[in-house]
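Reader: I'd like to go through this model with you and ask where the labels come from. Could you show it first?

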Amino acid sequence: MVIAIVFATTTPGWLPLLIILPFLVLSDVISNVAGLVLQPLIKHLVVDEHLEAANGYMMAINNTLAMVGGVIGVSLLALVHHNFTIFALLNGGFFLLSWVNLFIGRRQLLVTDRQFSDLVKPADTHLRAMMVAGFAVVRQDAMMVYIISMAGLVNLLGNAAQGLLQLSVLANKQMWHGGYGTTLALIDAGIGVGIVAGSSLFNGYLHKIKLPSLVNVVLMMMVINALAVLFLPRFGLLIVINFLLGFAMGKLNPKYGALVTRIVPEEHLTTVAGLLGTFEMIGVPLGQVVFLGIANIFSTTIAWYGILGLGVILIGYSVKMMRRTTTIN
C-alpha cells in the first residue's frame, strides 16, 4: 500500500526509488525468514521417508506459481496500461488475500506450533550461541561439508552460465526464435518446466540415484550446455538441454533439502538452513563478477571455456568427495 502511495504522489526519480527499496528488501527478508521457520515444522509434521516427496511437491508448486504469476503479472500490467499505482494496489490486494488465508487456518497453525514448541526447546536463544552451534553441526559431518561446498559451487557455475547465455544469445541471432527477449523467455521456461517435472515425478531411475550422483548429473548438463553454446548454438538444442538440466535440478533439490532436514537436529535446523542458504547465495555475485568480467574484458567465448573448465573440475571434486561420503543417499 505504501508503494502504491509513493507511485501516486511522487514523480519518477531517486526519491521514490530510495523509499521503495527498503520495503522490497524487508519483504524479501521476511519471506526468507518465513521459509527457514517452516523447516523444523516440516520435519516435525512429515515422516522421513516422505520428506523428499513433500519437498518436491512444494518446489513444483512454487515454480509453477512463479511461471504462471509472471505471465499474469505482465498481463495485469498491460490491462492497467502500465499504471504502477494501480498495479501496486493489486499487488497489495494479493498480499491481503494471503493474510486472509492464514487467518482462516490460524487454529491449525497454532496447534501445530504449540505441539512443536512442547517437543523442541532451543538450547540457547542468543543469536551468537545459535550461530556457533550451527557451525559446529556443519563442521562435524563430512556430508554437511560436501553439501555446503557443492551447493555454493554449483550455484556459482549455474548463475554465471545464465548470465553468459544472455550475452551469447544477444550476440548470435542464429540462436534467436522470435526475437531476443522471446528466446530467453522460452529457454527460461524450458528450465522451469523441467524443474516442475523433475520435482513432481517421484518414480523412475533418477529418483533412486544418490545425491552426489545427481550433483554430477547437474554438473554434466551444465558442461554440455557450455559445449552446445560454443560449438552448436541452436535454439532447439538449447531448449532440450536446459529442460534436462531443470529436470535434474528438480530431482536434486528436494533430495538435498530432505537430507539436510533428516540429519540436522530440529533445534538447529533453522540456523543450519540459514547458513546453507547464505553459502549458496555467496556464489551468485562471485560467479557473475568473474565470468561476466572475463566476457567484457576478453570475449564470451573465453568465458564459456572458463565455465567448461570449472565444470570439469567440479565433477572431479564431486567424485572425490563421493568416495569420502559413501553414506550420502
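Author: Let's start with contacts: two residues are in contact when heavy atoms lie within 4.5 Å. Among contacts between residues at least 6 apart in sequence, 81% join residues at least 24 apart. Keep in mind that this is a predicted model, where local features need pLDDT of at least 70 and side-chain atom pairs count only at pLDDT 80 or more, while totals for chains, interfaces and linings use all residues. Residues are numbered from 1 along each chain as its sequence is written, and side-chain values use heavy atoms, with hydrogens and water left out.

Reader: What makes up the secondary structure of the chain?

Author: There are 13 helices and zero strands. Helices (H or I, at least four residues) and strands (E, at least two) are DSSP runs, numbered from the N terminus.

Reader: Why is M59 called buried?

Author: Buried means under 20% relative accessible area, exposed over 50%, and partly exposed in between (1.4 Å probe, protein chains only). M59 comes out at 14%, so it counts as buried. This residue sits in helix α3, residues 51-79, and touches I195, S199, M249, G250, N253 and P254, leaving aside residues up to four places away in sequence. Of the chain's 329 residues, 37% count as buried.

Reader: And N242, why is that one buried?

Author: Its relative accessibility is 3%, so N242 is buried too. N242 belongs to helix α11, and its contacts include I187, G190 and I191.

Reader: How do you know that α8 and α11 pack together, and at what angle?

Author: Helix α8 (residues 180-200) and helix α11 (residues 235-263) have axes 6 Å apart, at an angle of about 35°. Axes here are lines fitted to C-alpha atoms, for helices over the stretch in contact, and angles run from 0 to 180 degrees between N-to-C directions. On the α8 side, the residues that meet α11 include G190, G194 and G198; among their partners in α11 are N242, G246 and G250.

Reader: What is the handedness of the crossing of α8 and α11?

Author: Right-handed. A crossing gets that label if the near helix is turned clockwise from the far one by less than a right angle, and left-handed if anticlockwise.

Reader: What makes K255 and E52 a salt bridge?

Author: The term asks for a side-chain nitrogen of Lys or Arg within 4 Å of a carboxyl oxygen of Asp or Glu. For K255 and E52 the N to O distance is 3.3 Å, so the pair qualifies. The pair links distant parts of the chain, K255 in helix α11 and E52 in helix α3, 203 residues apart. The structure holds one salt bridge.

Reader: Why are K255 and E52 called buried?

Author: K255 is at 7% relative accessibility, so it counts as buried. E52 is at 14%, so it is buried as well.

Reader: Why is H81 called exposed?

Author: H81 has 69% relative accessibility, so it counts as exposed. You'll find H81 in the loop between α3 and α4.
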